[in-house]
Every structure is written in structure tokens, then in C-alpha cells.
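Hi,

Here is the model we talked about, with sequence and coordinates together.

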Amino acid sequence: QVQLVDSGGGLVQAGGSLRLSCEVSGTISSPNALGWYRQVPGKKRELVAQISSSGYEDYADSVKGRFTISRDNAKNTVTLQMNSLQPEDTAIYYCNYYYYNDFEDNEYNYWGQGTQVTVSS
């Protein structure tokens with residue numbers, strides 16, 4: 001089992017910044033990917049950013065150039081720095097741990113509890 005605790009959400013004005021953090025604990029297998037997803041009511045959860053164990057980063061087009069994901073493998077943490085926030089970034093943000101076991105041909109997804117980000121215009 002893997003546990004994730006995410007934090008750092010809040011209310012910010014458009015153009016402002018927030019920093020989300022997530023602590024990962026439990027039985028952590030490598031290589032893995034840590035990421036951030038977001039969801040608004042009535043819509044599917046969408047990928048915001050993801051970073052692999054080796055440091056490869058991937059971003060949704062809507063956040064490229066504004067958000068930066070990073071991880072500390074020694075501390076098992078992942079961080080999302082969000083700059084130039086816009087009202088359309090308002091959502092619940094979830095930390096995610098993804099691991100694919102090729103021997104089992106099985107994938108594992110674990111989620112944080114979510115943190116609310118609200119951007120006012």
C-alpha cells in the first residue's frame with residue numbers, strides 16, 4: 001500500500017502563485033511516476049503534470065510555461081509550483097502515484113485526498 005498526503009491549496013487572485021506538496025509513504029516501488037491531476041464538478045479528472053523517477057516531465061498544454069513539477073526521491077515528495085494562475089485553474093488537485101509492474105502486467109494507482117485550489121478573477 002502507498003499513502004499520499006497532499007497540501008498547499010488555497011484561494012488566490014488571478015496572476016498569483018501557489019505551491020502544492022505531496023508526501024508519499026508506504027511500499028514504494030521503482031521506477032514510478034508521481035503526478036498531479038485536477039477535477040472540477042461534472043468533469044473527468046485530468047492530468048496536470050507528471051514526473052518519472054528519472055526526472056522526465058510531462059505537462060498538460062494548458063499549464064505549460066506556468067506550472068513546474070519537481071520531486072525529491074530521497075524524501076519521497078512531489079511538488080507543483082503554479083504561477084500565473086487563472087480562474088480556469090480552479091479545481092480540486094490530487095497527487096498521484098503510478099507504478100507498472102511488468103512482471104505481473106499490472107498497474108497501480110494511488111491518490112491523495114485532494115486539495116482545493118480557487119483562483120478568483
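Let me start with overall dimensions. For 121 residues, a compact globule would have a radius of gyration near 14 Å, and the protein has 14 Å, so the two agree. Keep in mind that this is a predicted model. Along the principal axes, the C-alpha atoms fill a box of roughly 50 × 30 × 25 Å. Of the 121 residues, 39% count as buried.

On charges, there are 9 positive and 13 negative ones, and their mean positions sit 7 Å apart.

The secondary structure is quick to describe: 0 helices and 11 strands, which gives the pattern β-β-β-β-β-β-β-β-β-β-β along the sequence. If you take the contacts with a separation of 6 or more, 54% of them are between residues 24 or more positions apart.

Now for how some of the strands line up. Strand 1 (residues 2–7) and strand 3 run antiparallel and are joined by 6 bridges; in that pairing, leucine 4 has valine 24 of strand 3 as its bridge partner. Strand 3 also pairs with strand 8, again in the antiparallel sense and over 6 bridges. Here leucine 18 is partnered by methionine 82 in strand 8. Strand 8 in turn pairs with strand 7 (residues 67–72), antiparallel and over 6 bridges, and isoleucine 69 has leucine 80 of strand 8 as its bridge partner. Strands 7 and 8 form a hairpin with 4 residues between the strands, where asparagine 76 takes a positive phi near 55°.

Val2, Leu4 and Asp6 make up the covered face, while Gln3, Val5 and Ser7 are on the uncovered one. As background, side chains in a regular strand alternate between the two faces of the sheet.

A few residues I looked at individually:

Threonine 79 is in strand 8 (residues 77–82). Is threonine 79 buried or exposed? With a relative accessibility of 12%, threonine 79 falls under the 20% cut-off, so it counts as buried. Beyond its neighbours within four places in sequence, threonine 79 is in contact with Arg19, Leu20, Ser21, Trp36, Thr68, Ile69 and Ser70.

Serine 21, one of those contacts, lies in strand 3. At 29% relative accessibility, serine 21 counts as partly exposed. Leaving out residues up to four places away in sequence, serine 21 touches Val5, Asp6, Ser7, Trp36, Val78 and Thr79.

Tryptophan 111 belongs to strand 10 and is partly exposed, at a relative accessible area of 35%. Which residues does tryptophan 111 touch, not counting those up to four places away in sequence? They are Leu4, Tyr37, Arg45, Tyr94, Cys95 and Asn96. For cysteine 95, 16 residues apart from tryptophan 111 along the chain, the C-alpha to C-alpha separation is 5.7 Å.

Finally, some backbone details to look at in the loops. Serine 30 and proline 31 are joined by a cis peptide bond, with omega about 0°. Proline 31 is in the loop between strand 3 (18–26) and strand 4 (33–39).

Serine 84, with phi of about 50°, is in the loop between strand 8 and strand 9 (91–101), and counts as partly exposed at 36% relative accessibility. Aspartate 105 has phi of about 55° and lies in the loop between strand 9 and strand 10 (106–111). Its relative accessible area of 57% is over the 50% cut-off, so aspartate 105 is exposed.

That's what I have for now.

Cheers

Notes
Residues are numbered from 1 along each chain as its sequence is written. This is a predicted model: local features need pLDDT of at least 70, side-chain atom pairs count only at pLDDT 80 or more; totals for chains, interfaces and linings use all residues. Side-chain values use heavy atoms; hydrogens and water are left out. Helices (H or I, at least four residues) and strands (E, at least two) are DSSP runs, numbered from the N terminus. Buried means under 20% relative accessible area, exposed over 50%, partly exposed in between (1.4 Å probe, protein chains only). Contact means heavy atoms within 4.5 Å. The radius of gyration is taken over C-alpha atoms; the globule rule is 2.2 Å times the number of residues to the power 0.38. Lys and Arg count as positive and Asp and Glu as negative; His and the chain ends are not counted. The place of a charge is taken as NZ of Lys, CZ of Arg, CG of Asp or CD of Glu. Two strands pair if DSSP finds at least two bridges between them.
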